[in-house]
Amino acid sequence: MRSHQPPPGIHRLPRRARWWGTAAALAMVLPAEAGRPLSVDDAGVAEQGAGQLEAWWEGSRGTRGSAYLAPAYSPLAGVELGSLLARDYVGHTTLQGLQAKWLWSPSQELGCNAASSVGLLHARHAAGSTLALNLIGTCATTWGALHANLGALRMPQRHWTPAWGFAVEHPLGPVTVHAEAFGQRGSAPTFQAGARWEWTPQWQIDGSMGRQQGRTLLSVGLRRGF
C-alpha cells in the first residue's frame with residue numbers, strides 16, 4: 001500500500017515548509033500585504049515595488065524546532081514573488097521554496113477578493129520537489145476577515161493530494177488575533193490561534209500556538225516591511 005507520509009524533513013515542518021504555496025500567511029487590516037503568523041493565505045499581495053522579510057522559529061513543544069527566512073516582493077501590480085529558506089534542527093534538513101501569487105481582481109479593503117498561487121518546495125539532498133497549487137478567497141468586513149484556501153500538493157513520486165484551510169481574524173486595537181484550521185488528505189488537521197502586533201510602522205512581532213494529533217505547536221516571529 002502506498003505511504004501517505006511526506007518526504008524526509010517536511011513532516012517536521014508543520015507550517016510553511018509543508019504548506020508553502022498552499023497556505024502562507026494573511027493580513028486583514030491591510031489586505032494588500034501578507035504576513036505572519038497565519039498559515040492560511042489571503043487574497044492580497046504587496047503593493048507594486050513593496051515587499052517584506054519574515055523570520056521566525058517554529059516547532060513542537062520540547063523540541064529544537066525549525067528556523068525560517070522568507071522574503072517577498074511585488075514587481076508588478078497584482079503579482080507577488082516569494083522565497084523560503086528553512087532549517088529543521090530535529091531532522092537536520094534544509095528546505096528551499098519559491099512561490100508566485102497573483103490577484104484575479106484589484107484588492108479591496110471591504111468585500112471579497114480572489115487570488116491564486118503556485119509554489120515549489122525542495123529538500124536539499126532529496127530526490128524530487130513538492131509542487132503546490134492554491135485557490136484563495138478573502139472576504140473582509142469592518143469586524144474582521146474570513147479566508148479560505150483550496151489547493152493540491154504534488155509530492156515527489158506521489159499523486160496529487162488535496163489540501164484546504166480556513167481562517168478568521170479580528171483586530172483589537174494595535175493587535176490582530178486569529179484562529180485557523182488547515183490540513184491535507186492523509187494527515188491530521190492542524191488547529192491554531194495567535195496574534196500579531198505592529199508596534200511601529202513596517203515592524204511586526206507575532207506568535208501562535210496550535211495542536212495537531214496531540215502535539216502542541218509553537219511559533220514566534222519578526223516581520224519587516226519595505
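**The cysteine pair**

Modeller: The torsion about the S-S bond of Cys112 and Cys139 is about 105°, so this disulfide is right-handed. The term means two cysteine sulfur atoms within 2.5 Å. Here the sulfur atoms of Cys112 and Cys139 are 2.0 Å apart. The structure holds one disulfide. Cys112 sits in strand 5 (residues 111-123) and Cys139 in strand 6 (residues 130-140), so the bond ties together parts 27 residues apart in sequence. Strands are DSSP runs of E, at least two residues long, numbered from the N terminus.

This is a predicted model: local features need pLDDT of at least 70, side-chain atom pairs count only at pLDDT 80 or more, and totals for chains, interfaces and linings use all residues. Residues are numbered from 1 along each chain as its sequence is written, and side-chain values use heavy atoms, leaving out hydrogens and water.

Now the surface. Cys112 is partly exposed, at 46% relative accessible area. Cys139 is partly exposed too, at 35%. Buried means under 20%, exposed over 50%, and partly exposed in between (1.4 Å probe, protein chains only).

Strand 6 also carries Leu135. Leu135 is partly exposed, at 45%. With Trp102, Trp104, Leu150, Trp164 and Phe166, Leu135 forms a nonpolar surface patch of about 650 Å² accessible area together. Such a patch joins nonpolar side chains (Val, Leu, Ile, Met, Phe, Trp, Tyr) within 5 Å, from residues with over 30% relative accessible area and no salt bridge; like charges are joined within 9 Å. A salt bridge is a Lys or Arg side-chain nitrogen within 4 Å of an Asp or Glu carboxyl oxygen. Areas follow the Shrake-Rupley method with a 1.4 Å probe; for residues, only the protein chains shown count as cover.

Definitions and conventions: Helices (H or I, at least four residues) and strands (E, at least two) are DSSP runs, numbered from the N terminus.
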